[in-house]
Amino acid sequence: MGPSAASAHRGIAAGHAAAPRLQGTTADARWLEWLFIGVSWAFLALVLLVPLGAVFCEALREGLRAYFDAFDDPYAWSAIRLTLFTAAIAVPANVVFGLAASWAIAKFEFRGKTVLITLIDLPFAVAPVVSGLIYVLLFGMTGWFGPWLASHDIQIIFAAPGVVLATIFVTFPLVARELIPLMQEQGTDEEEAAASLGAGGWQTFRRVTLPNIKWALMYGVILCNARAMGEFGAVSVVSGHLRGKTHTMPLHVESLYNEYNFVAAFAVASLLAMLAVATLAVKTAVQWRMQRELQDSAEP
Amino acid sequence: MFRRTASTSARALPGFGLTLGYTVLYLSLIVLLPLSALLLRAGGLGWDQFWETVTHPRVVASYRLTFGTSLAAATINAVFGLVVAWTLVRLRFPGRRLLDALIDLPFAMPTAVSGIALAAVYSPHGWLGQVLEPLGVKVVYTPIGIMLALTLIGLPFVVRTLQPAIADLERETEEAAASLGASRWQTHRRVIFPSILPALMTGFALALARAIGEYGSVIFVSSNLPMKTEIASLLIVSKLDQYDVGGATAIAVMMLFISFGMLLVINGLQRLASRRYREAL
Amino acid sequence: MGIEVEHVSKTFGSFKALDDVSLKIRDGELVALLGPSGSGKTTLLRIIAGLETADAHPAAVVRFHDEDVYKRSAAQRRVGFVFQHYALFRHMTVFENVAFGLRVRHRSTRPSNGDIRQRVERLLSLVQLSQFARRYPSQLSGGQRQRVALARALAVEPRVLLLDEPFGALDAKVRQGLRAWLRRLHEEIHITSVLVTHDQEEALEVADRVVVMNNARIEQVGTPEEVFHHAKTEFVMEFLGQVNVFRGRVRNGKAVLGELTVDYPQYRDDAERPATAYLRPHELRIERQRNGKPSFAARVTRTHSAGSLARVSLETPSGAPVLVDVSLEEFAALGLREGETVYLYPKNARIFVPDGASGAMNGDYVI
């Protein structure tokens, strides 16, 4: 979209008699379009696709045998287990919160609603390592509750609970944020109709509200899960890097890499990359589905 | 119309107290309480100690690196994000849906994977690193590598905020501009660009905010040397590793303030841009 | 009584939507709440339904068939509510939408699946949508959707049927058809019904009685003929139908309205009072000559006769516009030309004189 390209476009378009294509007033020259498409793909390839491909190549550099050997390691399995455990707590916790928050915000009017919506987004504005740090300040040895926890022999920081808490914090807004705008747009008409037909609160939610938000909810769950499994900064701060105890998969990748155990590092990374690609595939499918339903219900 | 905006609570729907109560409780426990711990801890440091920590040359160097590389990355994303968003909305070509879906990949990808992937490609032995090395361009272990990582993780923000804005553009205004004798370039510059500028700035601000806090991908591509390639997040982590919780807190609060100030400025500029656009209408 | 509402008020923030409203609706009656937007009609309907709670007031009452329902939730009141934008459950078929109210009943009162099927099929044939049972709401036209909404409301055998601008979102032609259909349906099932509308034609055509609302209060309650021909207030006069308004004064048994002077025996006082006269377009006669009776001059500005009546637009010498309806035969006989001056004779006029004490209006007819 540079000046030289566009001013040149006039000259080219004028002299482009060979292609008998009607140049619409709102379209750019054909070559410019191809330039845009080329630049887009090149940009994406350089920063995203080639590096992603490299992860798999590096992981398989010494063959399938070496690749699978990377997982024949108790530390790798403990990292996978902790990652799954963390997501299994963080995702449902944020789903319950997201449903409660979106019901209160979208179906009722009350003072301070905009403040509440802003506060829900707050964790996005906090840097990942700071997200970890705040839990260290609460539960660490020198933190507010540190001495009390120590005297009761409860460990949160440098243990699994800290990892879970930090993960809940960084994924906190993801479900709520998908649901709130959708439920606000849908309004309360259908719920009121259900109430006037004699349905109770739980029946109304289960039979009317939930079916209307199911795709957005699923979308939020997928994003929340991907972030929960992939979080690095916040988890790194609270984990204390105890291999076999507080290492999640991303942290395990880092420690393998720092030990120059490249094949294993890339192998575990490739597993995470596959998770990302799968997330993307499901997310795209859900998105298309949502759009289709939106179009269907928009028809007269 | 009135009842929707002003009604305090429609008795017809239940669960208001329960859901709002739970929302506020969970928000307070998970978000507000820990964040207030951060501010109180910083307040407890005393001004002198706080100031000494946050103006130490090593710390100042880390701010400069963090904000400099973040601004550069957000700018790269603004330029290329505009091209990509325009391509996705306005042009029809094979593979468009794939390209569209791939834009979200950095959202879904763990940052550690992004970091290790870039390191693999752009290190002196990597696919592209060995091409660039003879040209005298070193990427990994330099600020350029940090910038590249921040570009990758900020990629979706500009594209995703611009797409709806470009889709909302009315073809009629472009046709009107053309009918008034404007060239295609004049239409781009005077009609299209000003109307998508607010969205572009929003995307820029989001990419910038994300870049400033980024940690996971950067540590793989940076040599993490104090004064040279040490970002602020890393400095917080190393303070914590040395059990200097106070120092970590001070830097964290300072970073929050600086990024908050930057976002305020950008929001102001954005409001200015959208007001001018509205006046132009 | 079908529905009784007493001393109901509702405030939204600083906005008064209902101001101490009381209303009685007879069993089996179809009543229209008519008024401009913001007059409080929808709020009243939603309070009757239990979708909105009225401001706390010790004497506030909502009764259905002499039973107090004021404290009950919408789910417990057994009302049929039809929403302006249908509010159909978009993820359910037409059949499931209609069956919803039966399916959510407690196990002890829930009809068997067979009974539900029978009842839904009967209702769908009542609203003439039997062949659409398996469709989704998005596959229906607006008029069809509203009929589904009505069938859904009727499925729970409601004690009262409440319709909130049910035809508001439909185009004129469909609205016309549905109106007549609703009237026939009401004659068939005779359920106490309240219809909210801002369309006066709809209210006058469909309802047994019309409740005209303005500014959070009820202005007048009466049959369509009563409110149209015997408006009690200036608001009702101006809101219903086209009307020519003349401002003037009364004194000594005469009303002086611009160039027109008419007898007004109801006011014989010496002190002059301001007065407003209302004349419907059909209450003026056009003549070419003066004949001694009260009349005033006006210039024809435009005529159009593409309808069942001819409408003549005129302007008085002082520039006030006047509308007159004449029959097509009369119009042809008159042969009016634009620009010519004619004389207008009031056949009938309503003159409102503000009551000095209360500020209320007294409406009186003069000839």
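I looked for salt bridges (a side-chain nitrogen of Lys or Arg within 4 Å of a carboxyl oxygen of Asp or Glu) and found two between chain A and chain C. In one of them Glu192(A) pairs with Arg46(C), and the closest N and O atoms are 2.7 Å apart. Which element of chain A supplies the largest share of the side that touches chain C? Helix 10 of chain A does, with seven residues.

This is a predicted model, where local features need pLDDT of at least 70, side-chain atom pairs count only at pLDDT 80 or more, and totals for chains, interfaces and linings use all residues. Side-chain values use heavy atoms, without hydrogens and water, residues are numbered from 1 along each chain as its sequence is written, and chains are lettered from A and ligands numbered from 1 in the order in which they are written.

Next I checked the extent of the contact (heavy atoms within 4.5 Å): 20 residues come from chain A and 24 residues from chain C. By class, the chain A side has eight nonpolar, six polar and six charged residues; I counted Ala, Val, Leu, Ile, Met, Phe, Trp, Tyr, Cys and Pro as nonpolar, Asp, Glu, Lys and Arg as charged, and the others, Gly among them, as polar.

My helices are DSSP runs (H or I, at least four residues), numbered from the N terminus.

Key: Helices (H or I, at least four residues) and strands (E, at least two) are DSSP runs, numbered from the N terminus.
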